[in-house]
Amino acid sequence: MATSGTATFNPSVFEIIEEAYERAGIQSQTGYEFTTAVRSLNYLSMEWANRGVNLWTLEPNTLALTAGVGDYLLPADTVDVLDGQLRLYSGNPTLQSDSTINRVTFAQYAENPNKLAQGRPVQYMIQRGVEQPRIYFWLVPDQTGLYTFYYWRMRRIQDAGNALNTYDIPFRFIPALTSGLAYHLASKRKEAMQLVPGLKARYDEDWANATAEDRDRSPLRIVPYRSYR
């Protein structure tokens, strides 16, 4: 028997909503039911940002540092910064090099006696604000054009948008998204309330399966510490 020869199935937002309503035993007949489902999808995106690191939302970015300026706004859709290096002579194929710069807590940053002292930055602190995150460097950069902060950030999942859009997730997470939406929709309807425990269990299972697969597959090597004293 011949197979399709394709592996491109990626349901639209409308198809995900339709599947979720069917799982919840609800007939979607009005425009408002689509509107409330899109709103629930966007709530799910916010929830997933709190569940851990979503690998598909990681992306590299750079921030050119200016002499005398110690704090900068990060892109508004930044959830958090996972790692960063101080890059010298960015773009120069001969001189470019990355060096360690440590992330510190707010309390550690506050302990710096002179926050205006200038030099080569050795640490940074992230303030995760309501509107937009801000990053603080210490020491304050003493030169313009020499230092670039190269970092990996986790961004927000994009909004659901309109019915014809596809969702901003890998295909591996579509089952979890659909199950989560069905659970949220059933939670809002009295006639589907008896299905909520089962839908929640399915959502948790689909999420666990997806996140167990969505991991860094680089090898882990553990070497015992030996003292030669």
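**An aromatic residue and its surroundings**

A: Y151 has a relative accessibility of 2%, so it counts as buried. The model is a predicted one, and the values that follow are computed from it. F149 is buried as well, because its relative accessibility is 0%. The rings of F149 and Y151 form a stacked aromatic pair, with 5.2 Å from centre to centre and 15° between the planes. The two residues also belong to one aromatic cluster, made up of Y72, Y124, F137, F149 and Y151. Over the whole structure, a search finds 11 aromatic pairs.

The strand that holds F149 comes next. β10 covers residues 147-155 and runs antiparallel to β1, to which it is joined by 7 bridges. Across from F149 in β10 stands L63. In general, the strands of a sheet pair through backbone hydrogen bonds, in either a parallel or an antiparallel way. Here the sheet is open and has 4 strands in the order β1-β10-β3-β4, with antiparallel pairing. β1 (58-64) and β4 (97-100) stand at the edges with a single partner strand each, so one side of each has no neighbour in the sheet. From one strand to the next, the twist averages 40°.

Two residues with charged side chains are placed over tyrosine rings. R87 has its charged end over the ring of Y150, 4.2 Å from the ring centre. K115 lies over the face of Y109, at 5.9 Å from the centre of that ring.

A further buried tyrosine is Y203, which counts as buried because its relative accessible area is 1%. Y203 forms a stacked aromatic pair with Y183, at 6.2 Å centre to centre and with 25° between the planes. Planes under 30 degrees apart count as stacked. This pair links distant parts of the chain: Y183 is in helix α4 (residues 174-187) and Y203 in helix α5 (residues 196-213), 20 residues apart.

Contacts between helices also occur toward the start of the numbering. The axes of helix α1 (residues 13-23) and helix α2 (residues 31-49) come within 10 Å of each other and cross at roughly 100°. Angles of 65 to 115 degrees count as roughly perpendicular, and α1 and α2 are therefore roughly perpendicular to each other. On the α1 side, V13, F14, I17 and Y21 make the contact. On the α2 side, the contact is made by E33, F34, T36, A37, V38 and L41.

Notes: Residues numbered from 1 in each chain as written. Predicted model: local features only at pLDDT ≥ 70, side-chain atom pairs only at ≥ 80, totals over all residues. Heavy atoms only, no water. Pairing = 2+ DSSP bridges. Helix = DSSP H or I, 4+ residues; strand = E, 2+ residues; numbered from the N terminus. Axes fitted to C-alpha atoms, helices over the stretch in contact; angles between N-to-C directions. Phe/Tyr/Trp six-rings, centres within 6.5 Å; stacked < 30°, edge-to-face > 60°. Buried < 20%, exposed > 50% of the residue type's maximum accessible area, 1.4 Å probe, protein only. Lys NZ or Arg CZ within 6 Å of the ring centre and 35° of its normal. Parallel < 35°, antiparallel > 145°, perpendicular 65-115°, else oblique. Contact = heavy atoms within 4.5 Å.
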